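Work through the exercises below with the sequence and the model side by side. Each task is followed by its solution.

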Amino acid sequence: MGFDVDQSGKIENTKLISVLAVAGKESKAIFVSRTTKRELIRTFKLSRSPKIVYLQLFSCCLYLLVKDLLSKSNLIVVDVEYVGKDELILNFLQQLALHDEVKIKAEIRFNRIGKKSLAHEKAIYTFRDDGKGATELKLASVLKEMRKIK
């Protein structure tokens with residue numbers, strides 16, 4: 001079974017929430033608040049480059065969204081959000097999974113999933129509804145994941 005993943009509200013835009021949604025046999029969404037993003041960026045800006053912090057934050061959110069699907073699914077297609085950074089994001093995902101001893105069975109691809117995808121619909125509607133119906137990622141849980149990435 002395959003799943004699509006899409007984002008609404010870029011991670012680097014700290015004036016808006018960021019929503020990631022996954023859809024396939026089932027669908028769900030998570031979001032990171034404006035204040036959580038600002039605090040994470042403030043925490044890591046001295047020790048990591050800002051561009052890397054955004055990619056790591058995106059990777060952590062993606063990991064938390066699909067963690068339970070990594071060992072169950074055959075395919076996870078992630079909408080291309082950061083052109084040319086697929087390998088780096090995949091590396092961060094692998095680091096997180098390795099740290100948590102999660103076996104990655106799924107093939108993870110980066111591709112345009114389009115506006116007709118159920119993941120896109122879930123992400124955009126959740127974004128427009130300011131996260132309603134989605135799980136909010138709290139600062140402590142994202143911070144814990146970001147500290148796992150080298």
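**Exercise 1.** What share of the contacts in the chain with a separation of 6 or more comes from residues 24 or more positions apart?

*Solution.* The model is predicted: local features need pLDDT of at least 70, side-chain atom pairs count only at pLDDT 80 or more, and totals for chains, interfaces and linings use all residues. Residues are numbered from 1 along each chain as its sequence is written, and side-chain values use heavy atoms, with hydrogens and water left out. A contact means heavy atoms within 4.5 Å. Among contacts with a separation of 6 or more, 72% join residues 24 or more positions apart.

**Exercise 2.** State the order of helices and strands, then judge how compact the chain is.

*Solution.* Helices (H or I, at least four residues) and strands (E, at least two) are DSSP runs, numbered from the N terminus. There are five helices and six strands, in the order β-β-β-α-α-β-α-β-α-β-α. The radius of gyration, taken over C-alpha atoms, is 14 Å, close to the 15 Å from the globule rule (2.2 Å times the number of residues to the power 0.38), so the chain is as compact as a globular protein of 150 residues.

**Exercise 3.** Find which side of helix H1 (residues 34–44) is covered, and by what.

*Solution.* Buried means under 20% relative accessible area, exposed over 50%, partly exposed in between (1.4 Å probe, protein chains only). In H1, the buried residues are Thr36, Lys37, Leu40, Ile41 and Phe44. Viewed down the axis of H1, they fall within an arc of 130° (directions from the helix axis to the C-beta atoms), so they line one face. Their packing partners are strands S2 (18–23) and S3 (27–32) and helices H2 (50–66) and H5 (139–146).
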